[in-house]
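Thanks for taking a look at this one with me. Please open the sequence and the structure side by side before reading on.

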Amino acid sequence: MIALKKIACHSWQLLRTISGDDAYERYLEHWHTHHANAGDQPLERKAFFKAEQNRKWNGVRRCC
Amino acid sequence: MKNITTPAKKMSLLGILIWIGIAILGASAVGAIALHRGESINSVWFIVAAVCVYAIGYRFYSAFIAAKVLMLDASRATPAERLNDGRDFVPTNKWVVFGHHFAAIAGPGPLIGPTLAAQFGYLPGTLWILIGAVLGGCVQDFVTLFFSTRRNGRSLGQMARDELGPIGGVAALVGVMMIMIILIAVLGLVVVNAMKHSPWATSTVAATIPIAVLIGLYMRNIRPGRVLEGTLIGVALLLLAVAGGGWLDQQPELRQWFDYDGPTLALMIIAYGFAAAVVPVWLLLAPRDYLSTFMKIGTMLLLAIAIIILRPDVKMPAFTQFIDGTGPIFGGALFPFVFITIACGAISGFHSLISSGTTPKLLANEADARFIGYGAMMVESFVAIMAMVAATVLDPGVYFAINSPAGIVGKEAADAVATINSWGFPVTVAQMQQLATEMGETTLFARTGGAPSFAVGMASIFSDAFGRGMLSMWYHFAIMFEALFILTTLDAGTRVGRFMLQDLLGNIYKPLGRTSWYPSVFLTSGIVVSAWGYFLYMGTLDPLGGINSLWPLFGIANQMLAAIALCVATTIIIKSGKLRYAWVTAVPLTWLIIITSTAAWEKLFSPELRIGFLSHAQDLAAKLAAGTLPPDKAATAPQLIFNDYIAATLTAFFLVTTWILVLDTLRVAYRIITGKPHLPLSEAPHEPSRAVENWVRD
């Protein structure tokens, strides 16, 4: 039962990562370990999402 | 330097026995589909053959390439680790990268190509999909991904410039632009043919636009960044739109609002393409992409399950008489046109752009390149096999009735049926009428482009596997699903074309290069949209259906890009002192050069009117001059003649570019082998991976 729950948790996490659902959480984690001492604040959720989408679509993203 | 990917110990006896078993099973399955000459054959043989061929290819051939040719080094830091910026370069879990990479490479191509190539019978296409993928396409994706990873994630164009010189770089850039234009035109044509005089399909496809916008607003303003939530709501709305289209089709008042002919729909798609290219990405493109990726993966899984549950019989013969080049769907003999028609699914040059784009910047470990590069292409190839099954489970008569253009079999249903019967494929007007009614369409004759026949095949498989009586729903679901990601490719492609053009024009006049300056955005989007819009619109006027001339052109362009990628890869392999392994990329390269050159030559100079662009143009011009054309045909003839010359110019351009590149590659290879001065290997210096060190220390 516990093993099953673990697998379910793991798959859910994988799905969130693949779809980009947890991108903001990952960004915060990255920001706190790499840029936290710069003195400024991390991006708001909305601002982050907007910046990410603009960046991602700047090149060949999809194929035939 | 220790090579981590080489298995440390020899395979166990059990392992050897299992692989011998897989080999025997695979060989029997391939033998069964190759030698079978009866009424029908079970589709389960296709699935078994494919899975065994892929398993053996992956386990042995890709391992050989990984260990001997490329020498993947898991202890070497990847660009994602060295240049980690938390944005473009991020070390990522290999399953996540696999998901992203697969979603990026899998488009509508592998569904359309096999459907069209089924006119030769099931066997040529199936064999090419399997052999082409294992020895060509997977190898191309794998080596390109690896070489780009070794070069800090450089693009194919940059690698071509670094390794071959400026000619290679320019060829890659121009090639990409051309493919984009032709690809978008032909995909637009597929959607137009699926929506022609079908209010249900048109209204459903139209509904995908406001749904995407709604989800875009939701993910930006209401629940920022909640991708899964937004996508699930969007998918529910899309399913509702399919059902809603069915209701709308029953309303005589409403349905006429969505009933259009081909040229009108083409103009609408062109207007839509322009709008999609200039609005912000979050509003339309990004949410549409989430929805289409979700739909694509979900539907493909469902189709695989349905085929395995149902195990339908393939009714198409192994070969048809059309291998001689007289086929109704596209003109041209088995060699070389089956290899041109099935590009995606066997080998697709476009993939090399993805493999040298975002994916190499995400690899946490160099050794993952095998799983992601080789593995994702195998899955795409499997999608192509399923498309082949969906096309060939139809009665051959029905398949030809749906896919043959009116210009070949005749406009009237009775004429079309008579022509198809004369080829030896039984089908009746009543049967086609009943099928159309079941699918919720007025007619299914001459619905060229592959999408309707794929949808009929998929609908019959789904309704048999998951309960009958839902045929029309499944059919329009399939049309919606194909149109959804075709339009995503159209949006994304137009935008990429726009960026590349802005980049180019920015060298001439600086402000034109600014991607946020509206005059430049409108100008460049307009240029790109008119380029593909021209081919799309001409395709809808063409009595032979447009697919006949555009699809081979797309195939040639796509294979040319693959040839560029393989030229670069072969050069790098030779430069790294592994001449004796250069055949790994040189053999598929040689094959591609043979097929693209032959196909381009035939498209240019064949005296057969349905193959040669020039002879078709001359024939039409002669008829026009003699006044033997009926008035409606005479009106469009000058445009069609002009179109033939444009297509011929493009074909000649592809042919010449390919050969310039090949000769340039040979020149560089000769200089390397004879020790003459040449451009050095542009690989980034070796840096040990900290991840592995830590792991070793623990």
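Predicted model: local features only at pLDDT ≥ 70, side-chain atom pairs only at ≥ 80, totals over all residues.

Here are a few points on the contact between the chains and on some salt bridges.

1. Residues are numbered from 1 along each chain as its sequence is written, chains are lettered from A in the order in which they are written, and side-chain values use heavy atoms, leaving out hydrogens and water.

2. Contact (heavy atoms within 4.5 Å) involves 27 residues of chain A and 44 residues of chain B. Together the two chains bury about 3,300 Å², with 62% of it on carbon and sulfur atoms; this is the accessible area (1.4 Å probe) that two parts lose on being put together, summed over both.

3. One salt bridge crosses this interface, a salt bridge being a side-chain nitrogen of Lys or Arg within 4 Å of a carboxyl oxygen of Asp or Glu. Arg55(A) and Asp88(B) form it, at 2.5 Å from N to O.

4. Over all chains, the count is 19 salt bridges. One of them pairs Glu366(B) with Arg150(B) at 2.8 Å, and these two residues lie 216 residues apart in the chain. Glu366(B) is buried at 2% relative accessible area, and Arg150(B) is buried at 8% (buried means under 20% relative accessible area, 1.4 Å probe, protein chains only).

5. Do look at Glu163(B) too: Arg151(B) bridges to Glu163(B) at 3.0 Å, and Lys575(B) bridges to Glu163(B) at 2.8 Å. Both Lys575(B) and Glu163(B) are buried.

Notes:
Helix = DSSP H or I, 4+ residues; strand = E, 2+ residues; numbered from the N terminus. Buried < 20%, exposed > 50% of the residue type's maximum accessible area, 1.4 Å probe, protein only.
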